[in-house]
Amino acid sequence: MQTGKDSSNIIVSALSARTGFGKLLRRIEEERRSLVIEKRGTPKAVLLSLRDYVRLATPEPEVLRIIGLESKRKGTDKMTSRQIENIIRSTRARKRKRG
């Protein structure tokens, strides 16, 4: 098995992919990389992790990407569900008192 010059891709021959398939599956998942399968030196297929496939097949709307970036900037992306529920409850309680 050989690794290509591009650090995001693993390039292997079809024979190597066939004989070391399980190991390659673990590797693309753990290293978050894709696998290019060549036959006689010509790229024929790409193997992606499920996470990468879903990301490519259903790109998130721009608004969700912006919200995610803002959440990371503010540090709120690390909040637990319980913390979020408490904030929602307290906000709703304040609205009821005002209205």
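Predicted model: local features only at pLDDT ≥ 70, side-chain atom pairs only at ≥ 80, totals over all residues.
1. Arg 40 sits in the loop between strand 2 and strand 3, where strands and helices are DSSP runs numbered from the N terminus, a helix (H or I) having at least four residues and a strand (E) at least two. Although Arg 40 is not a glycine, it has a positive phi of about 55 degrees. Most residues other than glycine have a negative phi. Strand 2 and strand 3 form a hairpin with two residues between them, and Arg 40 belongs to that turn. At a relative accessible area of 83%, Arg 40 is exposed, given that buried stands for under 20%, exposed for over 50% and partly exposed for what lies in between, with a 1.4 Å probe and protein chains only.

2. Residues are numbered from 1 along each chain as its sequence is written, and side-chain values use heavy atoms, with hydrogens and water left out. The protein chain averages a pLDDT of 87, and 92% of the residues score at least 70; pLDDT is the predictor's confidence in each residue, on a scale from 0 to 100. Over residues 1–6 the pLDDT stays under 50, and for this stretch the model has 14 contacts beyond four places in sequence, a contact being heavy atoms within 4.5 Å.

3. A second residue with a positive phi is Arg 32, whose value is near 50 degrees and which is likewise not a glycine. Arg 32 lies in the loop between helix 2 and strand 2, and with a relative accessible area of 57% it is exposed.

4. The sheet is open and consists of three strands in the order 1-2-3, with mixed pairing; two strands pair if DSSP finds at least two bridges between them. Strand 1 (9–13) and strand 3 (42–47) are the edge strands, each pairing on one side only. From one strand to the next the twist averages 30 degrees, with axes taken as lines fitted to C-alpha atoms, for helices over the stretch in contact, and angles running from 0 to 180 degrees between N-to-C directions.

5. Strand 2 (residues 34–39) runs antiparallel to strand 3, and five bridges join the two. Within this pairing, Ile 37 has Ala 45 of strand 3 as its bridge partner, while the partner of Leu 35 in strand 3 is Leu 47. Helix 2 (residues 21–31) packs on the sheet and touches strand 1, strand 2 and strand 3, its direction making about 170 degrees with that of strand 1.

6. The largest nonpolar core has eight residues, namely Ile 10, Val 12, Ala 17, Leu 24, Ile 28, Leu 35, Ile 37 and Leu 47; such a core is a set of buried Ala, Val, Leu, Ile, Met, Phe, Trp, Tyr and Cys residues joined through side-chain atoms within 4.5 Å. Strand 1, helix 2 and strand 2 each supply at least two residues of this core. Leaving aside residues up to four places away in sequence, Ile 37 touches several residues, among them Val 12, Ala 17, Thr 42 and Ala 45.

7. The structure holds nine salt bridges, each being a side-chain nitrogen of Lys or Arg within 4 Å of a carboxyl oxygen of Asp or Glu. In one of them, Arg 27 meets Glu 31, with the closest N and O atoms 3.3 Å apart. These two residues are four residues apart in helix 2, so they are separated by about one helical turn. Glu 31 is partly exposed, with a relative accessible area of 37%, and a network of salt bridges links Arg 27, Glu 31 and Arg 33.

8. In helix 3 (residues 50–57), Arg 55 and Asp 52 are three residues apart and therefore separated by about one helical turn; they form a salt bridge whose closest N and O atoms are 3.6 Å apart.

9. Glu 62 is partly exposed at 45% relative accessibility, and Arg 65 is partly exposed at 35%.
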